[in-house]
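Here's a quick tour for anyone meeting this structure for the first time. Have the sequence and the 3D view open, and follow along.

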Amino acid sequence: MTDATTASSYVSGGESLAAQASTAYNAALEVIASVEPRVAEATRAELADQRSSLKLIASENYASPAVLLTMGTWFSDKYAEGTVGHRFYAGCQNVDTVEALAAEHARELFGAPYAYAQPHSGIDANLVAFWSILAHRIESPALEKLGAKNVSELSETDWETLRHEFGNQRMLGMSLDAGGHLTHGFRPNISGKMFHQRSYGTDPSTGLLDYDRVAEAAREFKPLVLIAGYSAYPRRVNFAKMREIADEVGATLMVDMAHFAGLVAGRVFTGDEDPVPHAHITTTTTHKSLRGPRGGLVLAQEEYASSVDRGCPMVLGGPLSHVMAAKAVALAEARQPSFATYAQNIADNAKSLAEGFLKRDAKLVTGGTDNHIVLLDVSGFGLTGRQAESALLDAGVVTNRNSVPADPNGAWYTSGIRFGTPALTSRGFGHDEFDRVAELVVDVLSNTTPGTTKAGGPSKASYTLADGIADRTKAASAEMLEKYPLYPGLDLL
Ligand SMILES: *Cc1c(COP(=O)(O)O)cnc(C)c1O
């Protein structure tokens with residue numbers, strides 16, 4: 001792999017590797033087409049779509065061909081319940097190799113005492129973490145008190161008491177409209193059904209996390225789990241402070257770094273902003289800013305290691321061995337010096353995008369960014385998030401609508417648009433391109449007018465984009481996208 005500062009070469013690793021990837025994909029598509037040609041066609045179409053759209057979805061990225069190719073192998077055919085060297089199935093020596101490698105790379109990359117590579121997704125990583133915390137904090141002391149080695153030894157009555165305790169613990173997490181995630185104790189997710197939940201928000205005037213308020217809520221609510229992490233908060237978090245708060249009330253600090261793991265891996269977030277040394281348990285996805293395969297990881301301090309290790313069979317079935325292999329490849333990539341450059345570029349580009357909006361008088365939640373997210377408040381354009389998202393999509397700009405703090409339009413229509421820089425930074429976009437993106441977005445939104453309902457009132461969904469704007473935006477985007485091609489040298493026949 002070359003150590004290039006332009007991200008566009010990360011995906012090819014040079015011309016000869018790009019040529020080999022072309023050969024591999026062309027052969028694979030031919031084999032697929034021999035069984036179900038429509039799947040081969042959709043796969044080709046997906047690459048064409050990804051190459052030609054301005055992908056600003058904050059949770060998406062482009063994994064390297066090495067990562068993608070690793071997922072398409074016979075590791076998919078293997079059952080490997082258990083842990084490395086301790087499986088419930090025979091013949092797992094090669095799965096052991098790749099799982100151990102993924103865990104080793106994760107430990108080294110993040111400086112974590114322990115890493116668990118089996119979770120299939122971010123949600124699964126969080127489920128493993130929740131049950132590990134319950135096992136460590138509730139089950140183990142109960143077993144000790146009752147003199148039992150494991151739950152199977154408990155009498156029916158003791159088991160009923162323990163089951164009741166599992167379901168009656170408290171979790172304190174960031175509110176959804178401040179940028180928190182559904183898995184942090186909200187009712188539509190199982191976390192909200194498992195835990196009594198309360199949330200901390202952000203300061204209404206600044207949009208920033210207020211640690212005094214978090215501490216106040218923690219003292220009052222006394223959670224078992226204090227959870228930090230976000231999907232739509234455009235700022236850094238001081239995890240050392242979060243740990244102090246957790247310690248004061250005897251909570252376990254869990255950090256869900258699903259969105260910003262790439263910035264931790266690339267050492268953009270260090271010291272108090274690096275969650276791994278401060279949290280008891282850190283979870284992440286591997287496919288967002290970390291740029292790996294679709295999956296999850298759990299990192300833990302030593303005291304939680306044995307309970308996290310029981311993720312399978314606690315909440316997981318057989319691991320996706322092919323994806324664990326791809327995690328090992330992606331984490332090896334993230335340990336290269338070029339990844340640190342990439343991560344710094346993600347943050348620099350977010351700043352450029354934010355400045356591009358601010359100098360064109362657009363309003364940003366918190367007034368800017370210092371991570372990979374920019375949250376644009378579109379109320380200044382007289383639009384809902386839903387109208388803005390649709391108008392932008394018509395113009396080939398792919399984003400998603402998002403609530404802003406105390407959103408007057410609720411969680412469905414919203415008043416915000418969330419932008420993220422990881423994907424386009426992978427293509428090689430820099431300051432000038434992100435400034436241009438801001439210009440194009442402002443142009444589209446300034447030329448979008450809200451529609452009216454049948455009754456004649458203002459609509460939150462319908463809109464009109466002025467003639468010619470979509471084409472003008474698409475042409476300007478195409479120029480940039482051609483200059484920074486996705487997977488350069490990868491040519492499908
Ligand atoms: C994306 C995300 C998840 C869920 O990840 P999946 O892989 O989609 O299950 C969990 N937590 C946070 C904070 C996220 O941003």
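## A sheet of four strands

Let's start with an open sheet built from 4 strands, in the order β11-β12-β15-β14, with antiparallel pairing. At its edges sit β11 and β14 (400-402), each of which pairs on one side only. Keep in mind as you look around that this is a predicted model.

Now for the pairings. β11, which spans residues 363-364, joins β12 in the antiparallel sense over 2 bridges. If you want to spot that link, look for L364, whose bridge partner in β12 is L376. Between β12 and β15 (residues 416-420) there are 5 bridges, and these two strands also run antiparallel. Here L375 stands opposite R418 of β15, while D377 stands opposite G416 of that strand.

## β12, covered on both faces

How many of the residues of strand β12 are buried? It turns out that 5 of its 5 residues are, over the stretch 373-377. To count as buried, a residue needs to have under 20% relative accessible area.

Both faces of β12 are covered. On one side you'll find I373, L375 and D377, and on the other V374 and L376, all of them buried.

## Helices across the sheet

Helix α15, residues 337-358, lies across β11, β12 and β15 and runs at about 15° to β12. Helix α16, residues 385-394, lies across β14 and β15, and its angle to β15 is about 50°.

## Around the ligand

Zoom in on the ligand and you'll see 14 residues around it, with G122, I123, D256, H259 and K288 coming nearest. Which helix gives the most to this shell? That's α5 (residues 122-146), with 3 residues.

A polar backbone atom of G122 is 2.8 Å from an oxygen atom of the ligand. K288 brings a polar side-chain atom to 2.8 Å from an oxygen atom of the ligand, and H181 has a polar side-chain atom 3.4 Å from a ligand nitrogen. Taken on its own, the ligand has 380 Å² of accessible area, and the protein covers 84% of that.

## H259, from ligand to sheet

H259, one of the residues that come nearest to the ligand, is found in the loop between β8 (252-256) and α10 (261-265). Is H259 buried or exposed? It counts as buried, because its relative accessibility is 1% and the cut-off is under 20%.

Leaving aside neighbours within four places in sequence, H259 is in contact with residues including A58, S59, K288, H372, I373 and R418. With R418 there's a polar contact between the two side chains, at 3.2 Å. Then there's S231: it is 28 residues from H259 in sequence, yet their C-alpha atoms are 6.0 Å apart in space.

## A buried lysine

Finally, take a look at K55, in strand β1 (residues 54-55). K55 counts as buried because its relative accessibility is 7%, with the cut-off at under 20%.

What does the side chain of K55 meet? One of its polar atoms lies 3.4 Å from the backbone oxygen of N61. Beyond its neighbours within four places in sequence, K55 is in contact with Q50, E60, N61, Y62, V398, A423 and L424.

How values were computed. Residues numbered from 1 in each chain as written. Predicted model: local features only at pLDDT ≥ 70, side-chain atom pairs only at ≥ 80, totals over all residues. Heavy atoms only, no water. Buried < 20%, exposed > 50% of the residue type's maximum accessible area, 1.4 Å probe, protein only. Pairing = 2+ DSSP bridges. Contact = heavy atoms within 4.5 Å. Axes fitted to C-alpha atoms, helices over the stretch in contact; angles between N-to-C directions. Near = heavy atom within 4 Å. Polar contact = N/O pair within 3.5 Å; in protein donor to acceptor, adjacent residues only side chain to side chain. Areas by Shrake-Rupley, 256 points an atom, 1.4 Å probe, with all protein chains shown as cover.
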